[in-house]
Amino acid sequence: MKKIVLTYGTFDLFHVGHLNLLTRLRELGDYLIVGVSTDKFNEGKGKKTIVSFEDRLKIVAGLRCVDLAIPEESWDQKTKDIEKYGVSIFGMGHDWEGHFDFLKDQCEVIYLPRTDGVSSTAIKKTLQALDKSHVSDLKKALDLISSIVERFD
Ligand code: C2G
């Protein structure tokens, strides 16, 4: 009887934190299913993504540790997916600690430590700082500040 593990996420700008989690979840069972949030579902989460759902799904599906990638379209599909796929373990990173304990009557629920120092948000911020148009805006702001400072000298 295969031990099926299930998780969900946005997986935007896929990074090592995502990979560590998926690898660790896969090691807990024999088959890992990953629900990837659709763009529409992310709008509901208030999450703006850089990488399209199609590409995020393809990247996750292409990972050696992932056996099946499915769309995540709603918060309440977890219960149905656990039933449909005969899931034994539902796992998430510990930033979700407690949020999915209601699934405990269907399967084991675990929260694994997040990987520190990396997040899609931090990557976006770094890219913004390096963006040329952003740098010219910063330069304009600096020129304005120095002209104001000069007036007070
Ligand atoms: N994660 C991690 N370490 C990081 C960043 C993320 O372990 N440095 C984990 C998160 O805890 C989550 C998974 O990677 O379990 C995916 O993270 P996100 O793509 O940010 O997913 P999120 O937007 O939290 O969506 O129904 C659940 C939601 O779809 C989860």
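Starting at the N terminus, the elements of the chain follow the order β-α-β-α-α-β-α-β-β-α-α. That comes to six helices and five strands, where helices (H or I, at least four residues) and strands (E, at least two) are DSSP runs numbered from the N terminus. Keep in mind that this is a predicted model, where local features need pLDDT of at least 70, side-chain atom pairs count only at pLDDT 80 or more, and totals for chains, interfaces and linings use all residues. Residues are numbered from 1 along each chain as its sequence is written, and side-chain values use heavy atoms, with hydrogens and water left out.

**Overall shape and surface**

- The C-alpha trace of the chain spans about 75 × 30 × 25 Å along its principal axes.
- The chain has a radius of gyration of 20 Å, while a compact globule of 153 residues would have one near 15 Å; the radius is taken over C-alpha atoms, and the globule rule is 2.2 Å times the number of residues to the power 0.38.
- About 9600 Å² of the chain is accessible surface, and 58% of that belongs to carbon and sulfur atoms (Shrake-Rupley method with a 1.4 Å probe; for residues, only the protein chains shown count as cover).
- Buried residues make up 37% of the 153 in the chain (buried means under 20% relative accessible area, exposed over 50%, partly exposed in between, with a 1.4 Å probe and protein chains only).

- In H3 (residues 53-61), Phe53, Arg56 and Val60 are buried.
- Looking down the axis of H3, these buried residues fall within an arc of 65°, so they line one face of the helix (the arc is that of the directions from the helix axis to the C-beta atoms).
- Their cover includes strand S2 (31-37), helix H2 (39-45) and strand S3 (68-72).
- Over on the other side of H3, Glu54 and Lys58 are exposed.

**Helices H5 and H6**

- H5 (residues 120-130) and H6 (residues 132-152) pack at an angle of about 65°, with axes 5 Å apart; axes are lines fitted to C-alpha atoms, for helices over the stretch in contact, and angles run from 0 to 180 degrees between N-to-C directions.
- Gln128, Ala129 and Leu130 in H5 meet Lys132, His134 and Val135 in H6, with contact meaning heavy atoms within 4.5 Å.

**A loop histidine**

- His99 sits in the loop between strand S4 (87-93) and strand S5 (108-112).
- With a relative accessible area of 47%, His99 is partly exposed.
- His99 and Tyr111 are 12 residues apart in sequence and 9.8 Å apart in space, C-alpha to C-alpha.
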